[in-house]
Amino acid sequence: MGVKPVVCIVGRPNVGKSTLFNRLVGSRLAIVQDEPGVTRDRLYGAGDWDGLEFVLVDTGGLTPSIDATLARSILAQARVGIEEADAILFVLDVREGITGEDRDVAALLRQSGKPVLLAANKADGPAAALGASEFYELGLGEVHALSAQHGRNVGELLDDLTAVLRARAAGVEPEDDQSEEAIRVALVGRPNAGKSSLVNQLVKEERMLVDDAPGTTRDPVDSPWEAAGQRFVLVDTAGMRRKRSIALDMEKLAVLKAMRALERTDVACLVLDAGETPSDQDARIAGLAAQNGRAMLLLVNKMDLVPEGSQRWKEQRQAIAERLRFVSWAPVVPVSARSGYGLGALPKALLEAHGQWDRRLSTAVVNRFLEDVVSAHHPAAHQGREVKLYYASQVSSRPPTFVFSVNNPEALQESSRRYLANRLREAFGFEGTPIRLVFRRRRRRGDSEP
Ligand code: GDP
Ligand code: GDP
């Protein structure tokens with residue numbers, strides 16, 4: 001599956017970043033919108049233009065306005081853009097011209113080597129557009145005078161953006177065959193859950209931590225790891241270290257990092273802290289992993305602090321079961337990076353989840369299942385229309401995906417769909433992987449027209 005390029009919008013407050021974001025994302029807002037347990041915000045969106053899909057991030061939403069000077073928080077956003085983005089949209093306000101903050105951001109962007117498109121916003125009419133030429137002085141190439149609010153010249157910006165993204169994609173080296181066979185495992189989760197500690201412990205080699213000078217960045221690191229006769233690649237999404245004084249919303253950033261890593265992951269390990277109740281961000285990341293069709297384990301780390309027999313652990317398990325109930329298929333694996341507890345069992349858990357994710361049932365087996373299910377429980381008729389399930393097959397794996405032929409799919413109620421999914425899991429397990437059920441219309445002679 002293709003990796004969607006990420007486009008980050010940076011700029012001072014009030015220049016029109018969120019207006020531009022909304023215009024580019026349009027009505028298809030929200031990558032995570034239908035996932036139960038996942039709240040949506042206006043930080044991430046899906047855009048497409050000229051057949052190219054991309055993920056849009058409004059970095060303005062990453063900075064809580066408290067406890068940072070304005071200039072610092074704008075620069076912090078720009079650094080996120082530089083680290084995470086395939087292209088950066090730098091938004092300026094033609095009515096205000098260039099400010100000192102704009103110059104600082106421009107300097108960072110010039111150094112980064114990432115493609116930057118300069119959006120001179122609020123050029124609502126020809127007169128205002130004239131002011132945009134001032135921005136050439138920033139040394140970032142072409143200036144796109146546009147109006148996010150009125151949509152003026154936004155199409156031209158998108159033309160250039162997609163051209164830049166396509167050129168970048170064409171330059172990307174294909175992965176070598178070696179890494180094809182290895183199982184890719186991403187450790188995702190909130191800051192301080194212990195992702196880096198786990199990777200370090202597993203590969204038994206302290207990777208050098210970058211110093212935490214502001215602006216120090218590090219890409220997610222791929223660590224080869226061999227265990228139980230299998231080659232893995234561990235992807236640590238903790239990556240960046242920053243001084244606390246920079247007011248970036250690290251929790252939201254964790255979601256962005258997870259999103260990127262999940263695109264090319266086989267098994268996602270959501271790392272939870274045994275001492276903390278799962279948060280909205282945890283639920284969000286779990287939802288993203290499920291939606292991306294990744295296998296998943298819930299690694300509950302820091303078990304050295306919460307003994308497995310304790311009341312605390314009982315409560316924690318309960319909290320996980322409730323808060324993350326929409327991924328109840330994901331096994332809970334208690335571990336401790338510090339003491340090494342549970343890590344011996346991890347390769348087997350990864351292999352099992354991967355095996356289920358990769359599993360394929362024969363059509364004969366699936367149809368026998370369907371016969372049994374239908375004879376035990378006829379799908380409820382909806383508004384007087386009878387629902388008939390004719391046959392089913394597993395059309396793909398990674399994750400397992402089933403297609404059911406139905407006389408009228410619209411009439412199949414949510415409860416019946418869930419019933420089928422639950423019965424599939426009862427019959428075949430699929431522990432550690434999401435499964436997908438698709439219902440296709442099929443008419444048979446003698447069926448009445450809907
Ligand atoms: P952000 O803080 O950078 O996300 O800025 P917003 O998107 O919230 O916009 C700040 C203000 O500028 C709002 O009042 C918008 O309505 C206004 N604005 C945004 N784009 C345009 C534009 O193209 N023309 C004009 N005249 N106003 C705009
Ligand atoms: P990351 O942000 O998810 O990569 O988290 P880190 O690996 O940087 O760990 C965050 C903090 O938790 C550090 O102070 C670690 O020493 C601590 N930590 C990590 N794993 C464990 C563990 O198993 N037990 C305990 N007690 N502390 C841990």
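1. The buried residues of helix 13 are covered by, among others, helix 11 (346-357), helix 12 (363-376), strand 13 (389-396), strand 14 (401-406) and strand 15 (436-441). Contact here means heavy atoms within 4.5 Å. Helices (H or I, at least four residues) and strands (E, at least two) are DSSP runs, numbered from the N terminus.

2. Please keep in mind that this is a predicted model, where local features need pLDDT of at least 70, side-chain atom pairs count only at pLDDT 80 or more, and totals for chains, interfaces and linings use all residues. Residues are numbered from 1 along each chain as its sequence is written, chains are lettered from A and ligands numbered from 1 in the order written, and side-chain values use heavy atoms, leaving out hydrogens and water.

3. Which residues of helix 13 are buried? They are Ser416, Tyr419, Leu420, Ala421, Leu424 and Phe428, buried being under 20% relative accessible area (1.4 Å probe, protein chains only).

4. Just after helix 13, Gly429 has a positive phi of about 90 degrees.

5. Now to ligand 1: 15 residues surround this ligand, and the closest are Asn14, Lys17, Ser18, Thr19 and Asp124. A residue counts as near if one of its heavy atoms lies within 4 Å. Helix 1 (residues 17-25) gives the most to this shell, with three residues.

6. A polar backbone atom of Gly16 is 3.0 Å from one oxygen atom of ligand 1, and a polar side-chain atom of Gln149 lies 2.9 Å from an oxygen atom of ligand 1.

Notes: Polar contact = N/O pair within 3.5 Å; in protein donor to acceptor, adjacent residues only side chain to side chain. Buried < 20%, exposed > 50% of the residue type's maximum accessible area, 1.4 Å probe, protein only.
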